[in-house]
Amino acid sequence: MKNSLFAMRSCLLMLLVTASVSALTAQPLRKSSRESNLEAAYEKMAVKDYYQAVTLLEKAYEDQEDEALVPMLAEMNFKLRDYTKAVRYYGRMFRKDKEKKFESERFNYARALKMNGDYETAAAEFQKVIANTTDEKIKELAGYEATGCELAQSKAKPKVAPTALGKTVSRAFSEYSPAPARDGSLYYVGFDTDEVYISNDTAEEKSAKIYQVRKNDKGWGKPEPLDEKINREGFQNSFVSFAPDGNRMYLTRGTLGEGNELISSKIYMSTGGDGAWTGPQECVGVNGDFIALHPVVGELFGKEVLFFSANMAGGQGGFDLYYATYKGEGTYADPVNLGPKINTPADEITPFYYNGTMYFSSSGHPGYGGQDIFFSVWNGQVWSEPRNLAGGYNTSQDDQYFTLSPDGYRGFFTSNRPDGRSVRSKTCCDDIYEFEVPRIKADLVVGIFDNGKKPVALKGGTTDLSGVTVAGVQPIELKNNATGNRFDFGLNLDKTYKIKVNVPGYYPDSAQVSTNNLKETKVFEQRFFLKPLPTTKVVEDSGLDTISIEQAFVLENIVYEYDKADIKPEAEPDLQLVLDLMKKYPDMVIELGSHTDYRGIDKYNQDLSQRRAESARRWLVNKGIATSRILAQGYGESKPKPVSEKMAAENLFMKMGDTLTREFIDNLASKEQQEEAHQLNRRTEFKIVKGPKSITVKRVEVRKKPATQGTKPAPNRNRLPGVTPVALPPRDTLSPWSNLYKREDLKRYRKPVMQFTQRAIDLGTIKEGEKISFSYPFVNRGNQALTIDFISTCDCVSADFPKNAIRPGGKGVIKIIFDSKAHPAEQMIELTVVLKNKIPFAKDPKNFHPIREELQFNYKLEGAAEIHKLSALYDRKDLHLFKKPILVFNTREINLGKVKKGEKREFEFEFTNQGEVPAEIDLISACECTTTDFEHKPINPGEKAKIKVTFDSADKTAPETIDVDIILKNEIPYPKDPKIMYPLIERVKYSFDLAM
């Protein structure tokens, strides 16, 4: 259905008025008979000159109240956007319509009521339409309109207070398409006059032009039309917009037919900027045998696209929104319809794209009036359900051409709301309105108190603010206050923060605050009530010097030359250590897992890694170990090495938490760094798979590096008896997970330094309700004995740690028991190790605070399917909060190899639904060269299904990788706004080489 209030028609109303009102003004009609007025009115209606026609009909109706004229008067006033008169005539028509002859007009009557602000009566009329019409599209639109009436009656609080641009810009005729330019000026389309032209005006005078206007201290200045290269005679400009860089201007040029009806419109592009624009060239690929309007630049799938509105055949109805990918030089790929989520059987027009959000006007989605402004968010794969921009922006009339300035806090739109200027009725014509978006701010105020019955402010504390991300906790700012207990921070929006507070003599505490989805300025107040520390006596170190290893024993120091499987001589001491352990524990079975770097093809690397594992096994077998006790497994390049704390300390270009993937290595600064990373990937790892659950390795069994030759250092006469002096690690090698990190004054103080074998442990897959035991071995690399005070973590963790002091060079183990029953959600668990050792505040050396070290572990529950990176579920941290299907494919990427041009290939993607609910495929999107066939029924959990693909290479000219998007009927919540639901999308790919 084509909506008669389509915005382009309303914009051209000013042209209609301009060309038509003149006849009545310049040649006023004398009082004529009813017949003369009727005859003249019908002549004007025949050429769609409704303005003069309705004036003549009203004169005829005044002469004699002929009820036969009422339907025509109602329709024409409706088309001319005089809703008050339209409601009056429609109401009279339906009161007299005893035989139900005009039921087909009830939809327009209801819309006129709605746009006149009478939502209650309009809703009742829309319900009558729904009950009586047999037109399914009309029924669907009436349902949306009725919902819009309910939305409007909810009286949402206005978000902005728009104001018209002032008399220099706002004239009696319409102005539209505001477009902020990079130089601060505003471009728009309109007439720079309040006068009514006579019928023989020149084409230039009657043409809508693009104007530029600037704002000064007194308001908006005088608009200036662009030169004749842009405002070409004989064409109606109807839109203007700019590319983000400001160097391209897009506009549309149209031509009018009988009755000033738009019969053609095409999209053009001009280059230049700052007022110096070239003659526009027609854009290739987005114009055709249809009306193309409202082009704006945006981005989809990482590529620049052009959004626009058009009435192409095959759309959802009326005018739809499309996008076309930019190829350069004003050329675009074939337009793609944005689909039924955005487009309706009515009209979607005037799109505007800003930072992943598309704003547009629609008469099909539930709205306040005729054309309402909506927005939809792009998540990288699909659009969210459109939402009404609501109060302040939308009224009971037409609101459209929404646009924002580059900073997003100032914008414009057009509206025919009654407070504007109009040449005929109060809602006849459009004016441009400007608005300011309130800037949302977030601040944090922290207060620290004693937790006694009468809380007392605690002075001399510190507050440590960190950002919480998927990658972990990142320090942001540390503040201390020697004279008070208040700490103030400014926060960023859409962030999660962790707050830790410390006061000497008290247990530390922590909390989290989040600024996600903040709708208005807010000050977060966080009060901490701290518990005093008990008085304890330090226990001296027992002198034991052991390293405990529980459950798994991993040795990672055997490396290989590139493309070789030989054991290097320096690796033999490590193998000797493993040999000694195998002899000591005769029931122990180990796995030798060998890995390669990514250079070379996959199969070769797999074979090479297997040879390396076998090489290490042969070394042990030749020393007398039974082959049945050694499992050799080659992993090829499939498991790049994670960076441990030790690796990060030895290689400053790495940091703990990195993984030595192809992408990581390729982005390193030098070939030397890349080679170092490659060598670390070429490794053999040892793991106990059977035998003792834990073993203790005395220090004498640890491989000793050869002593450096040279002068023997003088003895340190100040060291403690029996303790080997240990140098403090350089500041840059301290872990970011320690509050010693980046302290510039460390050399002034004696302190312990905890160096952990690893601070982040991946427990892998565990059973729900299972209790898991593991440990964090550490060495004191400082110059003072350390004593652990307590470990802060969740209730799901029990921690056991050495109660005695650990001397410099001494070793210890923190033992952990994790109860997954108490914490079933899959996620990362943090632990804070608080020492009794204290260091001075950096900015207040007279006060001290405990040394703190951070640890973490993560896990996955058994039965949880592996989420592939090509799934919209990938990297979602809230998966446990909603039920979903999980499609696990045998493979997501298929290489067809050589394909002859014109050849067709058939192949399949097979998958299993390993989720909790049935999966139902809605549609599959790919290029025109791809056709698919799939199950059109639900695939229950545990069931398998296939997607059959046929590839036609007839139009291909080069090798290519084709993305195939599988869009499910199943919906999942939008991460940043769980109230917004969007379809779950899975992606597979296939590639080919073209044999010409």
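Reader: Quick start. What is the relative accessible area of K48?
Author: K48 has 30%, so it counts as partly exposed. Buried means under 20% relative accessible area, exposed means over 50%, and partly exposed lies in between (1.4 Å probe, protein chains only).

Reader: What kind of model is this, and how are residues numbered?
Author: This is a predicted model, with residues numbered from 1 along each chain as its sequence is written. Local features need pLDDT of at least 70 and side-chain atom pairs pLDDT 80 or more, while totals for chains, interfaces and linings use all residues; side-chain values use heavy atoms, without hydrogens and water.

Reader: Back to K48. Where does K48 sit?
Author: In the loop between α3 (34-46) and α4 (50-63). Helices here are DSSP runs of H or I with at least four residues, strands are runs of E with at least two, and both are numbered from the N terminus.

Reader: How far is K48 from E261?
Author: In sequence, 213 residues. In space, their C-alpha atoms are 8.0 Å apart.

Reader: Zoom out. How many helices and strands does the protein chain have?
Author: The protein chain has 15 helices and 52 strands.

Reader: And what share of the residues is buried?
Author: Of 996 residues, 51% count as buried.

Reader: What about contacts across the sequence?
Author: Take the contacts between residues at least 6 apart in sequence. Of these, 61% join residues at least 24 apart. A contact means heavy atoms within 4.5 Å.

Reader: How much accessible surface does the protein chain have?
Author: About 48300 Å², with 49% of it belonging to carbon and sulfur atoms. The areas come from the Shrake-Rupley method with a 1.4 Å probe; for residues, only the protein chains shown count as cover.

Reader: Now helix α7. Why is it described as largely enclosed?
Author: Because 10 of the 10 residues of α7 (residues 106-115) are buried. Among them are R106, F107, Y109 and M115.

Reader: What covers those buried residues?
Author: The cover includes α5 (70-79), α6 (83-96), α8 (119-132) and α9 (136-153).

Reader: Which glycine follows α7?
Author: G117. Its phi is positive, near 90°.

Reader: Which non-glycine residues have a positive phi?
Author: N355 is one of them, at about 50°. D494 has a positive phi too, of about 55°.

Reader: Where are those two?
Author: N355 is in the loop between β17 (348-354) and β18 (357-362). D494 is in the loop between β27 (486-491) and β28 (496-502).

Reader: What is their relative accessible area?
Author: N355 has 66%, so N355 is exposed. D494 has 42%, so D494 is partly exposed.

Reader: Switching to charges. How many salt bridges are there?
Author: The count comes to 35. The rule asks for a side-chain nitrogen of Lys or Arg within 4 Å of a carboxyl oxygen of Asp or Glu.

Reader: What does R214 pair with?
Author: R214 forms a salt bridge with D183, at 3.1 Å from N to O. R214 is in the loop between β4 (209-213) and β5 (215-216), and D183 is in the loop between β2 (175-180) and β3 (186-190), so the pair ties together parts 31 residues apart in sequence.

Reader: What are the relative accessibilities of R214 and D183?
Author: R214 has 46%, which counts as partly exposed. D183 has 29% and is also partly exposed.

Reader: And what about K884 and E916?
Author: Their side chains meet in a salt bridge, 3.3 Å from N to O. The pair links distant parts of the chain, 32 residues apart. K884 lies in the loop between β44 (848-861) and β45 (887-889), and E916 in the loop between β47 (904-913) and β48 (921-925).

Reader: Which side of that pair is buried?
Author: K884, at 6% relative accessibility. E916 is partly exposed, at 46%.

Reader: Which residues form a salt-bridge network?
Author: E103, R106, E125 and K128 are linked in one. R106 is one of the buried residues of α7.

Reader: One more pair. What does E525 bridge to?
Author: To R527, with the closest N and O atoms 3.3 Å apart. E525 is exposed, with a relative accessible area of 54%.
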